[in-house]
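These are my notebook entries on what I looked up in the structure below, taken in the order in which I went through it.

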There are 2 protein chains.
Amino acid sequence: MTKKSKAEKAAKKAKAQLETKTAATAATSSPKGAGRIPSLLRVGPGFDLAAVDPASTPGFRGDRHDGEEALLEGAERLSELQERLWAESRAGGTRSVLLVVQGMDTSGKGGIMRHVVGAVDPQGVNITAFKAPTAEERAHDFLWRIRRALPGAGELGVFDRSHYEDVLIARVLTLVPRTVWSRRYATINRFEAEVAKNTKIVKVMLHISRDEQKARLGERLARPDKHWKYNPGDLDQRQHWDAYQGAYQDALTKCSTDAAPWYVVPANEKWYARLAVMQVLLEAFSDLDPQWPAADFDVAAEQARLAQL
Amino acid sequence: MTKKSKAEKAAKKAKAQLETKTAATAATSSPKGAGRIPSLLRVGPGFDLAAVDPASTPGFRGDRHDGEEALLEGAERLSELQERLWAESRAGGTRSVLLVVQGMDTSGKGGIMRHVVGAVDPQGVNITAFKAPTAEERAHDFLWRIRRALPGAGELGVFDRSHYEDVLIARVLTLVPRTVWSRRYATINRFEAEVAKNTKIVKVMLHISRDEQKARLGERLARPDKHWKYNPGDLDQRQHWDAYQGAYQDALTKCSTDAAPWYVVPANEKWYARLAVMQVLLEAFSDLDPQWPAADFDVAAEQARLAQL
């Protein structure tokens, strides 16, 4: 094959791929209706956490096997969309995506990191796991460490726990007085609205049942290769189950805004939870609709230069 | 099923998995001889870069299809080994792994990040891409920014380019005088020996031919979805091809130590390069042989507490 025909073939292939890929990014192409999942899980007016069945699989017509297949399909689309956003940022774009993940212990946050976020090129991912604040962090306002962890241009930022702990554990264990935590909802909404100017924010709560948590903690205790994930403190938190559900109800309803909506993901079925978070991310990226940036150089001139070298 | 029998079943399953996994971590189990790859690619005495055929696939008896299959198998083992190292660090372990990736433009560094490093849980990965140093970075010694990017306990750190640029581009373009860059090899060896006390270091150079680079640059120019990856400066660097090969020869031979060995990976075949880097990483993790940490709590007591909650 001559060099010219090779280049022509590559261009043709690229064009075909671009067309296929544009079609593939349409949210409506999801199998078994998975594309409808985000709208069904979004927290809107009158939301009641207690009415959400953690064992349900809203909006998906398939079983576990179908769900795992749909997850793999989604993974390819997500990876492509993130690469486009990254490419856009190399050409001066400033947009990014932030996924906030919350949930009770054992709700499957780690699995989301591995199986959903793991689908994206690690070069474009920025994960922060927020633990109990350090002395330095406590010396600043509660959003200080959050601001420092926001995603850069083109990145998918992921928070494994977040500033919501400051209205969850901080409220349930009264780490700060009610007068302090009760003002934080409005502070969070203002903060997120500001961040949303450059960053598409989506927030998911992985919702498991009390019984499911018991079974998962039991499995961690039964398996030597899971002991490292177990912390006796988890049982102390479990004693406050109802208080946590109440704190979640308030966080979800007070802070689900157009700029930064909450999605409550039934998570007793891990395959469903992963698929649902994948769909939420796909919708977020599809809304941004990132495009491959145009060349900022003279393509023909560079081709001529290359031929000489 | 009663709760007790469920826990018993989980324990049995865990035991079976632990046994399978221990077997799976043996480097000798690699298909088509892939486990032999690292020893064949390691830079030892008398190494000559010019004698390495970039189109070769040393130590692997299969074709591209076999290689892709072996990569997927390796991915599972790598993911498991990294999780063990991470678990070890949660129990107080301080060990980590650092992969340094170098290579000419288009040699496939990005593909290594996506297809090899991407196999690992993103929570345990810490990638740093080193660009031309900023003003702040230039105000410090050349290892300053490197030290700040070293992996934390339990992490797989990855450098996409590294301190070796300070004896590659810095030497080829004489960004610093010869008296400066010529002293850096010894400085690097001392630095890496220090780091190696806690961190298993492996360094790979992706080795492509001059013709292969031309073809890959041509493809980037031919495909609109690849234009963002193209930089006219790449052609300026290409003009210095021979000088770069000479600089690599010196870096490889002066800085391949027991504490931080270099591996030269023939990279004209992308599938082979990815498989080879996977094998280098697998060997590094296998050498560390991380184990699930023992519980630091009374398992039976916790099981009794859980039963009450």
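I began with a pair of helices in chain A of this predicted model, and I noted that helix 3 of chain A and helix 12 of chain A are roughly parallel to each other, since the angle at which they pack is about 30° and angles under 35 degrees count as roughly parallel. Their axes are 9 Å apart, and I recorded the crossing of helix 3 of chain A past helix 12 of chain A as left-handed.

I then listed who meets whom: on helix 3 of chain A (residues 64–90) the contact residues include A:Leu71, A:Leu78 and A:Leu85, while helix 12 of chain A (residues 270–288) brings, among them, A:Trp271, A:Met278 and A:Phe285. By class, the residues of this contact divide into 13 nonpolar, five polar and four charged.

Next I turned to where the chains meet, and found 44 residues of chain A in contact with 44 residues of chain B. Among the elements that give two or more residues to the side of chain A are helix 1 (3–24), helix 3 and strand 2 (125–129) of chain A, and that side has 27 nonpolar, seven polar and 10 charged residues.

Last, I looked up B:Val120, which sits in the loop between helix 4 (109–115) and strand 2 (125–129) of chain B. Leaving aside residues up to four places away in sequence, B:Val120 touches B:Leu78, B:Ser79, B:Gln82, B:Val125 and B:Leu156. I also checked B:Ala186, which is 66 residues from B:Val120 in sequence and 33 Å from it in space, C-alpha to C-alpha.

Methods: Residues numbered from 1 in each chain as written. Chains lettered and ligands numbered in written order. Predicted model: local features only at pLDDT ≥ 70, side-chain atom pairs only at ≥ 80, totals over all residues. Helix = DSSP H or I, 4+ residues; strand = E, 2+ residues; numbered from the N terminus. Contact = placed C-beta atoms within 7 Å. Axes fitted to C-alpha atoms, helices over the stretch in contact; angles between N-to-C directions. Parallel < 35°, antiparallel > 145°, perpendicular 65-115°, else oblique. Left-handed = near helix turned anticlockwise from the far one by under 90°. Nonpolar A, V, L, I, M, F, W, Y, C, P; charged D, E, K, R; others polar.
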